[in-house]
Amino acid sequence: MEQATANSPASGATDSGAFPIERVRAQFPTLEREVNGVPLDYLDSGASSQRVLASIEAVADYERNHHSNVHRGSHTLSAEATELYEGARNTVARHLGAGDRREVVFVRNATEALNLVARAWGDANVGAGDRILLTEMEHHSNLVPWQQLAERVGAKVEFAPIDDDGLLDMEALKIFLERGPKVLAIAHVSNVLGTENPLAEISAMAHEAGAVVVADGAQGAPKLPLDMAALGVDFYAITGHKLYAPTGIGTIWGKLDLLRAMPPFLGGGSMIRKVTREGTTYADVPARFEAGTPAIAQAIGMGAAIEWLDTELGMEAVRKHERAIADYTLARLAEVPGLKVFGPPRGAGRLGPVSFEIDGIHAHDVSEILDRHGVAVRAGHHCAQVLMERLGITATARASFGVYTTTEEIDRLVDGLEDARRVFGL
Amino acid sequence: MDELYRDQILEHYKRPHNFGVVESADLEYEDTNPFCGDEQHVTIKLDADDKVSEIAFEGKGCAISTAATSLLTDELTGMSREELLRLPKDYVLELLGIDISATRMKCAMLGLKIVKSAALGQPAEWEDEGEAGTPAEAATF
């Protein structure tokens with residue numbers, strides 16, 4: 001497989017030295033385009049990031065030269081496709097610090113990853129009267145599957161509260177954990193508040209209370225170095241399209257013994273050991289959870305994007321960049337009259353996105369006017385209506401960042417907000 | 001002048017007409033724009049001939065949805081439930097007098113949808129994005 005140009009490998013992967021922002025931006029073709037006659041200012045990476053050239057080219061190379069169905073084929077193309085697909089699994093496993101490559105299951109996205117756990121693990125392990133603990137900051141993808149599980153088995157869903165700064169209330173969490181929930185499902189990083197939850201500490205607390213920890217890493221994985229053992233979680237869901245890779249691919253990482261004890265999620269090809277008229281015995285993991293022909297090209301694209309992140313930048317540098325941009329955004333937005341930010345103040349544990357509202361202008365109108373300036377932000381409830389209710393609002397505007405985000409782009413956001421205030425006569 | 005946020009739209013957004021709740025309403029409906037979570041609640045009082053004598057709305061929304069419902073509710077007094085149900089999408093668009101993009105069509109149509117749902121006593125559904133869909137056909141008794 002051809003990799004995209006890597007002219008000075010790992011030069012940005014050290015902690016010292018400036019973030020190679022120009023070199024990074026050159027790897028994202030979409031950033032070259034204009035919107036409404038001005039350069040695109042893409043502040044919606046939390047919804048979906050732009051695609052890195054290494055991923056685009058890996059997908060194209062696969063589609064042009066290597067495509068066949070994976071597994072079981074004894075011909076050359078099938079062998080190549082299998083090698084590339086399983087190579088992507090190796091890359092994800094290494095990136096996550098997985099103890100075993102079989103712990104990485106390819107799925108469609110983080111939503112499917114979390115549904116897989118709620119179905120396959122949940123149905124087998126959560127019963128009538130059991131408690132399921134979530135937090136108030138969960139995205140619907142880590143909330144609805146658990147409500148559905150609770151409905152199926154007669155369990156009870158509880159929500160650990162956040163404090164007024166948008167941080168998880170650790171004292172309250174402790175009390176909820178003492179009630180003995182079977183599972184704690186929690187976002188690593190909030191998709192609205194930019195809160196980084198202290199997962200290692202939380203996992204230790206949850207395990208002491210006997211709960212399995214399911215982490216939604218959709219927002220965390222693109223911003224943070226990951227080490228599953230250090231985080232101590234039992235399951236961790238990630239999605240490719242927020243990681244500079246295509247849509248339609250994600251992974252659920254799970255501890256090997258947990259995955260092996262779980263019944264299948266979907267039935268079909270690939271997930272079987274033997275099928276007879278009387279019944280079926282199932283394949284070992286990860287194949288057991290990958291029924292049907294997988295998203296081969298997309299998995300390869302995800303592997304390539306992660307490979308690029310790890311070799312060209314290193315996730316420590318990515319984390320530093322994300323913190324710096326979030327910090328700068330919070331400082332600049334504090335200058336806009338009537339603007340209120342939701343989420344923790346500047347500091348450790350405060351990443352993007354940055355959600356806000358402006359007194360007198362609805363979030364939809366903010367985003368509409370920003371778009372005229374080429375600034376792409378998201379407006380709405382961000383699939384977190386329980387959190388919106390907690391905050392007493394229906395919608396926010398949200399700026400979210402990627403490895404390519406610059407402080408100049410944040411300045412343009414602030415200029416656009418000034419224009420929105422002018423249009424609304426504020 | 002701003003094309004979308006012209007003075008009339010902003011005026012209706014900042015000081016919406018018919019804002020509130022009609023006491024002892026005969027018809028009422030509440031719905032959300034699933035797109036963004038915005039909510040509107042419409043209450044209608046009918047006269048002896050079953051025509052709209054009083055109408056009000058409340059809720060939280062963007063400039064487009066708020067202005068559209070403010071303008072719409074200004075026009076509905078004296079209409080029968082059948083007339084409410086036959087109101088086309090263009091009725092609201094002409095009241096707004098601005099180009100509404102496909103992404104904002106749900107905002108513009110939220111109030112009309114709720115008025116029709118109130119008249120129907122059940123959710124009035126039509127494909128309201130872009131050019132497709134005729135609410136007059138979708139919402140019949």
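Which residue stands opposite Leu27(B) in S2(B)? In this predicted model, the residue facing Leu27(B) is Ile44(B).

Strand S1 (27-32) of chain B pairs with strand S2 (residues 39-46) of chain B in the antiparallel sense, over 6 bridges. Together with S3, these strands form an open sheet of 3 strands in chain B, with the order S1-S2-S3 and antiparallel pairing. Strand S1 (27-32) and strand S3 (52-60) of chain B each have a single partner strand and stand at the edges, so one side of each is left without a neighbour in the sheet. From one strand to the next, the twist averages 10°. Strands of a sheet pair through backbone hydrogen bonds, in either a parallel or an antiparallel manner. Across S1, S2 and S3 of chain B lies helix H5 (residues 105-120) of chain B, which runs at about 140° to S1(B).

Chain A may be considered next. Its domain assignment gives domain 1 (21-51 + 314-423) and domain 2 (58-311). The centres of domain 1 of chain A and domain 2 of chain A, taken over C-alpha atoms, are separated by 27 Å. To the contact, domain 1 of chain A gives 32 residues and domain 2 of chain A gives 31 residues. On the side of domain 1 of chain A that touches domain 2 of chain A, at least two residues each come from helix H11 (315-333), strand S14 (354-358), helix H13 (385-391) and strand S17 (396-399) of chain A. H11(A) supplies the largest share of that side, 6 residues. By class, this side of domain 1 of chain A comprises 13 nonpolar, 12 polar and 7 charged residues.

Key
Residues are numbered from 1 along each chain as its sequence is written. Chains are lettered from A and ligands numbered from 1 in the order in which they are written. This is a predicted model: local features need pLDDT of at least 70, side-chain atom pairs count only at pLDDT 80 or more; totals for chains, interfaces and linings use all residues. Domain bounds come from an automatic or database domain assignment. Two residues are in contact if their C-beta atoms, placed from the backbone, lie within 7 Å. Helices (H or I, at least four residues) and strands (E, at least two) are DSSP runs, numbered from the N terminus. Ala, Val, Leu, Ile, Met, Phe, Trp, Tyr, Cys and Pro count as nonpolar, Asp, Glu, Lys and Arg as charged, and the others, Gly among them, as polar. Two strands pair if DSSP finds at least two bridges between them. Axes are lines fitted to C-alpha atoms, for helices over the stretch in contact, and angles run from 0 to 180 degrees between N-to-C directions.
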